[in-house]
Each structure stands twice: as C-alpha cells, then as structure tokens.
Amino acid sequence: MNRLHALGSGVALLAVASVAPAWGAVVINQSDEINLSVFVPCANGGAGEVVELSGPLHTLVTFRFNGHQVGGKGHFQPQGLSGTGLTTGDSYRGVGVTQSIFSGSLENGKFTETFVNNFRIIGQGRGNNFAVHENFHLTINANGEVTTFRDNFSADCK
C-alpha cells in the first residue's frame, strides 16, 4: 500500500510538473462561500446535534517548480463561518486553519508531505465546543521507501 501511494504521488508530481507555473507562483488566492454540516457530539447537553455552518473559506495555494524540484503549500481558513444547531437553535462559529506542504525531487523520487488541520466549532456556553486536530507526515526516500509515516487524529469535546 505504501509503495502504491508513493507511486501515485510520483505520477501526480510528474503530471503537475509538466504544466507547472514559474517557481513560487500563487495558483489560487480566493475566498468562497461554503456550507458545512457537522455533528457535534457534546452539544445539546451531551446528546449531540448537527450544526449547519456557512460563510467564507479563504484558500491560498502556491506551487513551485525549478526543473528538478517540485513543491507547494495549501492554506485553508474559515473567515466568519457561523451557523445554528438544528436541534437546539444554539449559535456556533467555525474557526481554525488547515495547512499542507509538500516537496519532491523529479530526479530521484524523494518526497515529503506534511498536513496539519485544526478546526473548532465553538458553541454558546460551556461544554459544547468541538475540536478536531490532525497531524499527518509522510517521507519517501530516493529508493521509494516510506521512511516516516505518522497520522495523529483527535476529535474532542471541550
């Protein structure tokens, strides 16, 4: 499975590199309206409820390519995301940031990727805030071997 992921990543890198913009180019920098439904298990006195959130999500994606190296960054951040619990009618806000960065060699297949997601749904009062965190890292050496793989995920009520 790890070799398959590495092969898929390598093919994707080559495909993107063939049409890549100049080194360090900003590919996307925009804000779009999103709608998101999330089950918050600690809401509604611990019974949980679905919270519908809407508002702008800022997206910034950069890409760099210099003939031998390819890489990029992604940054996603809600800006004014708000909503309502479908059972209680309580108000909620969605806050946080998701970032990813990758780099790879087109000469020897080395590849690294790091992904960090921190997303919180903040409710009224105490005990109904929901926090999601994920930290993912992958390193593939020049021999195509996965040398580091970590995926730490948590979802907690606060």
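**A chain built mostly from strands**

The protein chain folds into 1 helix and 8 strands, where helices (H or I, at least four residues) and strands (E, at least two) are DSSP runs numbered from the N terminus. Read from the N terminus on, the order is α-β-β-β-β-β-β-β-β. This is a predicted model, so to speak of local features a pLDDT of at least 70 is needed, side-chain atom pairs count only at pLDDT 80 or more, and totals for chains, interfaces and linings use all residues. Residues are numbered from 1 along each chain as its sequence is written, and side-chain values use heavy atoms, with hydrogens and water left out.

How much of the chain is tucked away? Of its 158 residues, 30% count as buried; buried means under 20% relative accessible area, exposed means over 50%, and partly exposed is anything in between (1.4 Å probe, protein chains only). The accessible surface comes to about 9000 Å², with 54% of it belonging to carbon and sulfur atoms; these areas come from the Shrake-Rupley method with a 1.4 Å probe, and for residues only the protein chains shown count as cover. As for contacts (heavy atoms within 4.5 Å), 53% of those with a separation of 6 or more link residues 24 or more positions apart.

Because 9 of its 11 residues are buried, E7 is largely enclosed by the rest of the structure. Two strands pair if DSSP finds at least two bridges between them. E7 runs antiparallel to strand E6 (residues 111-123), and 11 bridges join the two. Within this pairing, Glu113 has Leu138 in E7 as its bridge partner. The hairpin of E6 and E7 has 6 residues between the strands, and Gly125 takes a positive phi near 75 degrees there.

On to the next partner: E7 also pairs with strand E8 (residues 146-157), again in the antiparallel sense and over 11 bridges. Here His133 stands opposite Ser154 in E8. E7 and E8 form a hairpin with 5 residues between them, and Gly144 in the turn has a positive phi of about 80 degrees.

What about the cysteines? Cys42 is buried because its relative accessibility is 8%, while Cys157, at 39%, is partly exposed. With a disulfide taken as a pair of cysteine sulfur atoms within 2.5 Å, the count comes to 0 disulfides.

Finally, Val50 sits in strand E2 (residues 49-65) and is partly exposed at 31% relative accessible area.
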